[in-house]
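Here is a short briefing for a first look at this chain. Start with the sequence and the model shown below.

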Amino acid sequence: MGRASRVRAAGRAQRAANGGLLVREPRPADEAALAELLGGVEFTRAEAGVELARSVAFRHRLEPACGVRASWVAERRRGEVVGVLTAAPPLGWIGSIGMLSPQHRSYVAHHIVEAEALSIAPQARGRRLGHSLIETAAAHYAGLGYRLMLGTTTALSLAPYYRQAGFTVLEPGERIAVADPLGMILHRPADRHVVQMWKALHAEVTVVDSRMPDGTPLRVLTQVLVPPAGSPEAVRHDDGSVTVSGDGVRRTMDARTAGMMEQMYRTPVTEAEVQEGTAEALRYGFEPLVAARLRKASGYSLPELMGPPRADGTAAGRR
């Protein structure tokens, strides 16, 4: 069977699986239909739908450091486009986290993706077409090494729909928090009228109940920002230092720093371990998940590491 025949056969299989609708990548000729579909999506700017339709139709790509943008459309037998899903890393959120270096932002942008917009024409609804688009996007990004898909909606009535598509849907105004291997918690702000959601793209992604330093309950996604095995490449030298190479960047860390970094990257913690040390962590002003990683990686308690806490919730330090 030639390549053209294989493509047609694959297309027929996709149509059969989606009730006669074909899920494919967009084309420039789809721009008008995409503008109509995306015009019904609520954006912060009225013209954003038209702008996004052009980007989708012409498959505009991001700079490599910014991660991967991708889109899919659903087509009827006569070439009518009746659905679209577009996705890209949440660069606005990532860029707003001032503590991250450019390299770290790029790292996050290659592990977390957001479903920017999903729109199905009225005449094609009720066929799980949106779920097929979500599944296509999830499989694509999982294959690229992404571990988490985010989404937002302002329509509470859509919560059951997204739950059926595999998302964990939060309460309005509830924000998503992602644990970073370097010991930070990356908080994604949420407006009171916005519903945030997340979908795991890797089996290791889990949720841990934790608390903010002021005691506010917090649910944290863990094992999201974990480098894929073998990337970047790390070479350990005889003196204990480590040289990390990847994406054209080469950095050497001394033995002590390398040991601490490696332990933090490779030390998973359970919810029970986090809860066990929550009270102690709060006395020191630590986020409990970070404190649990630190205790487990080092083998020492917080008092052993930092001395007794002062009344203001910080370490007194050793003399």
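Helices (H or I, at least four residues) and strands (E, at least two) are DSSP runs, numbered from the N terminus. This is a predicted model: local features need pLDDT of at least 70, side-chain atom pairs count only at pLDDT 80 or more, and totals for chains, interfaces and linings use all residues. Residues are numbered from 1 along each chain as its sequence is written, and side-chain values use heavy atoms, with hydrogens and water left out.

**Overall**
- The chain holds 12 helices and 14 strands.
- Of its 319 residues, 43% are buried, meaning under 20% relative accessible area with a 1.4 Å probe, protein chains only.

**Helix 6**
- Helix 6 covers residues 129-143.
- Its 15 residues should span 21 Å at 1.5 Å a residue, and this agrees because its end C-alpha atoms are 21 Å apart. The expected span is 1.5 Å times one less than the number of residues.
- Its buried residues include Leu129, His131, Leu133 and Tyr141.
- Gly145 follows helix 6 and has a positive phi, near 100°.

**Nonpolar cores**
- A nonpolar core is a set of buried Ala, Val, Leu, Ile, Met, Phe, Trp, Tyr and Cys residues joined through side-chain atoms within 4.5 Å.
- The largest one has 41 residues; Leu34, Trp72, Leu85, Leu129, Tyr141, Met149 and Phe167 touch the most other members.
- Helix 6 gives this core its largest share, six residues.
- Another core, of 20 residues, lies apart from it; Ala109, Leu148, Leu170 and Trp198 are among its members.

Technical notes:
Buried means under 20% relative accessible area, exposed over 50%, partly exposed in between (1.4 Å probe, protein chains only).
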